[in-house]
Amino acid sequence: MQHGQVPIPRATRNSPEKEITPEMGITPEMGITPEMGTSPDMANTPGRAISTGNPLVLNKNKSKITHFFQPVTQTNNTIPQAPRNKDTTVNDLSQQVSTNSHKKGKNLYCSIVKQINLQKKKIACRTYFQELKFNEILLGQEPYFRKNKLPSVPSTHKAFSPYHKEPPRVCIILPLELGKLSYNMTPYSTRDMIAVRCNLKNRPDTILCSIYMGHEPNQPELDETTLTKLANLIDFANNKNLPLVMGADSNGHHVLWNSFKANDRRGRIIAELLAKHNLTIANQGKNPTFVNSRGQKSIIDITITNTRGSNIVSNWTVSNETSLSDHKMITFELDLGNCQVSYKR
């Protein structure tokens, strides 16, 4: 531009009119949405949206393309956009439920429960804890503790362990948002047993329990304190009509859970407890839950439920994958219902 020449505004420069084609990346279906910041005061601004009555208008005087917002009417063929917030509610995840539940018109949500004895192995705890997905629960026996604290728990989850002067031998790990609404039932907890009550808001609470029935030298077959508190917990859940789901390393053998070995004294004591309180074994099949390096196999890890608990447990299975422990990973689905709890991914 020469000195003294008056600059010509860009909007008034003469330029040849161009035909709008799809190759230009502009189609008549394009429009400006409220999220793009459209407002009434843009009507007289060059290059902004104005209400002309047409979706796309070519202003011949200024050679400008003007867009016009029209409300979008959602049709049956329109796929709604997923919510952008990071919190995924139970209702959003209801599609994970079985087809039968959908046929009944129920809005349900299933959480995956993992059950395993970790044999106090640091690498096993770190690996399985970090692999927990946002909707997965872990019932653990013999986890690795450091200074009475459970390390390597991901930020997406909350860990529960018994309050005891000696290192605990059980733990329960819940998704963070569910964990905030749950609490340790201390009167029913010992070093080898922990019970957590989960508040599901608009349905009865669910009680989860993890139990380790270890072999102690110069001790009775089963710890009397643990057996007493276990019986009290079962009575409490039944009296309150609450679902109770327990993962246990029984170290016992009985035909009730398809054990390879003959019934032993420990197995008979557990079987009598189950019969007395009308409890159910959720185990399915004959896949071993314990396989050591010497090739010994057995079924000693069991999942126990009361009547209400048996109604929310399904798809119980033993993983065939190589385990970082002598025990195999047990998984099953837990129907938490329409509990309206937000699970953060």
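**Charged side chains and one buried asparagine**

Let me begin with Lys149, which sits in the loop between β5 (136-141) and β6 (157-160). Please keep in mind throughout that this is a predicted model. Lys149 has a relative accessible area of 61%, and because anything over 50% is called exposed, we count Lys149 as exposed. Together with Lys122, Arg126, Arg146 and Lys147, Lys149 forms a positive surface patch.

Let me turn now to the salt bridges, of which the structure holds six. Side chains of opposite charge can pair when their charged atoms come close.

Another salt bridge brings together Glu177 and Lys180, at 3.3 Å from N to O. These two are three residues apart in helix α3 (residues 176-180), and therefore about one helical turn separates them. Glu177 counts as buried, because its relative accessibility is 16% and the cut-off for buried is under 20%. A further salt bridge, between Arg197 and Asp205, has an N to O distance of 2.9 Å, and both of its residues are buried.

Finally, let me show you Asn251, in the loop between β11 (244-249) and α5 (265-276). Asn251 is also counted as buried, at 16% relative accessibility, and its side chain reaches the backbone oxygen of Met213 at 2.9 Å.

Notes: Residues are numbered from 1 along each chain as its sequence is written. This is a predicted model: local features need pLDDT of at least 70, side-chain atom pairs count only at pLDDT 80 or more; totals for chains, interfaces and linings use all residues. Side-chain values use heavy atoms; hydrogens and water are left out. Patches are made of residues with over 30% relative accessible area and no salt bridge: like charges are joined within 9 Å, nonpolar side chains (Val, Leu, Ile, Met, Phe, Trp, Tyr) within 5 Å. Accessible areas come from the Shrake-Rupley method with a 1.4 Å probe; for residues, only the protein chains shown count as cover. A salt bridge is a side-chain nitrogen of Lys or Arg within 4 Å of a carboxyl oxygen of Asp or Glu. Lys and Arg count as positive and Asp and Glu as negative; His and the chain ends are not counted. The place of a charge is taken as NZ of Lys, CZ of Arg, CG of Asp or CD of Glu. Helices (H or I, at least four residues) and strands (E, at least two) are DSSP runs, numbered from the N terminus. Buried means under 20% relative accessible area, exposed over 50%, partly exposed in between (1.4 Å probe, protein chains only). A polar contact is a pair of N or O atoms within 3.5 Å; within protein, one must be able to donate a hydrogen and the other to accept it, and residues adjacent in sequence count only if both atoms are side-chain atoms.
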